[in-house]
Structure formats: structure tokens, C-alpha cells
Amino acid sequence: MATLSDLNGRLNLRLRKSSAAIASTGRIDVLFHAAGVQFQQTSAVDTSDEEWARFIDTNLSGTFYACRSVMPEMRKQGSGAVILMASGRAVIGSANTTAYAASKGGVVSFAKSLAWEEGTFGISVNSINPGFTNSDGARDFQKNILGRKP
């Protein structure tokens, strides 16, 4: 089992194997990576460098670091499953979500490429692209950006 810490620090993701889980199972069978930054509400032109970096670092770079941290153990085992949370915005986009959509689109492309690399080691890699969920962030997005009631 793996735990995430310091996800919000720029390029500061640290994935640690839980000593108790490794001691009891001796394996890392699944990585489900769902950490991320919620929707933005600014156009590309109005997106600050800091906001852009926050989305890319958390949603895309964080995904890379988490996967890179578990791959050696999964390769050694000859098996494993990686499930990465992307977004419907990754494939359909929308106004005022360019940094979010770009970061999640990167997750989709990363998953496809990583699947090609790691499949020969018995590791499956997939991304999930959910649509709207019943969350505060999704309701705010629908209300403020799309101009409709959630």
C-alpha cells in the first residue's frame, strides 16, 4: 500500500510505502491515484503562472511521481494495476477550464503511454474520465461557469 503526502507542494510529491502494509502483504498490487485540484474558473488569458503551475504540478506531475514510485515494485512482482483519475474535461474541454483540462488531458495521454511501457511487465494502466459528480466543486462550476442550476 502507498500513502501520499505533500501533494500540494510544487514538485514535492513523496510516495511512501506503508511499512505495515508491505510487511503484511509484501506487495503493491494497485495504485489508484485520484488526487487533484478542482476546476478553475478563469480563461486561458487570465490564468496566472502560479495557477497554471498548480494544476500541472498537482494533477499531472503528481500522477507521474506516484506512478514512478510504485513501478519498480510492480515490475519486480510481474504484476500490478494502475488506475488514474482523469476527467471528462480531458477529452471534451470547456471554457474557463484550460489549465484543468490540459492537466487532466495529460493524465489520459500519460496513462496510454505508460500502459504501453508497463504492459510487458504484467502491469495494467488505465485512466477514468468521469463527468460531473455531486460535489461542491462541480455544483459551483455548473452555476458559475455554465450558468445553470446544478
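1. Arg54 lies over the face of Phe55, 4.9 Å from the ring centre. A charge counts as over a ring if NZ of Lys or CZ of Arg is within 6 Å of the ring centre and within 35 degrees of the ring normal.

2. On the basis of these values: the model is predicted, local features need pLDDT of at least 70, side-chain atom pairs count only at pLDDT 80 or more, and totals for chains, interfaces and linings use all residues. Residues are numbered from 1 along each chain as its sequence is written, and side-chain values use heavy atoms, with hydrogens and water left out.

3. The protein chain has 5 helices and 5 strands, in the order β-β-α-β-α-β-α-α-β-α from the N terminus. Helices (H or I, at least four residues) and strands (E, at least two) are DSSP runs, numbered from the N terminus.

4. Of the 150 residues of the protein chain, 39% count as buried; buried means under 20% relative accessible area, exposed over 50% and partly exposed in between (1.4 Å probe, protein chains only). The chain exposes about 8,300 Å², of which carbon and sulfur atoms supply 53%. These areas come from the Shrake-Rupley method with a 1.4 Å probe. Among contacts with a separation of 6 or more, 66% are between residues 24 or more positions apart, a contact being heavy atoms within 4.5 Å.

5. The whole structure holds 3 aromatic pairs. In one of them, Phe55 and Tyr100, the ring centres are 6.2 Å apart and the planes stand at 85°, so the pair is edge-to-face. Rings of Phe, Tyr and Trp (its six-membered ring) pair if their centres lie within 6.5 Å, and planes under 30 degrees apart count as stacked, over 60 as edge-to-face and the rest as tilted. The pair links distant parts of the chain, with Phe55 in helix α2 (residues 49–77) and Tyr100 in helix α4 (residues 98–118), 45 residues apart. Phe55 is buried at 0% relative accessible area, and Tyr100 is buried at 8%.

6. For Phe64 and Tyr65, the centres are 5.1 Å apart and the planes at 65°, so this pair is edge-to-face. Phe64 is partly exposed, at 32% relative accessibility. Phe64, Tyr65 and Phe110 form one aromatic cluster.

7. Gly131 belongs to the loop between β5 (123–128) and α5 (136–144) and is exposed, with 56% relative accessible area. Its C-alpha atom is separated by 5.0 Å from that of Gly88, 43 residues away along the chain.
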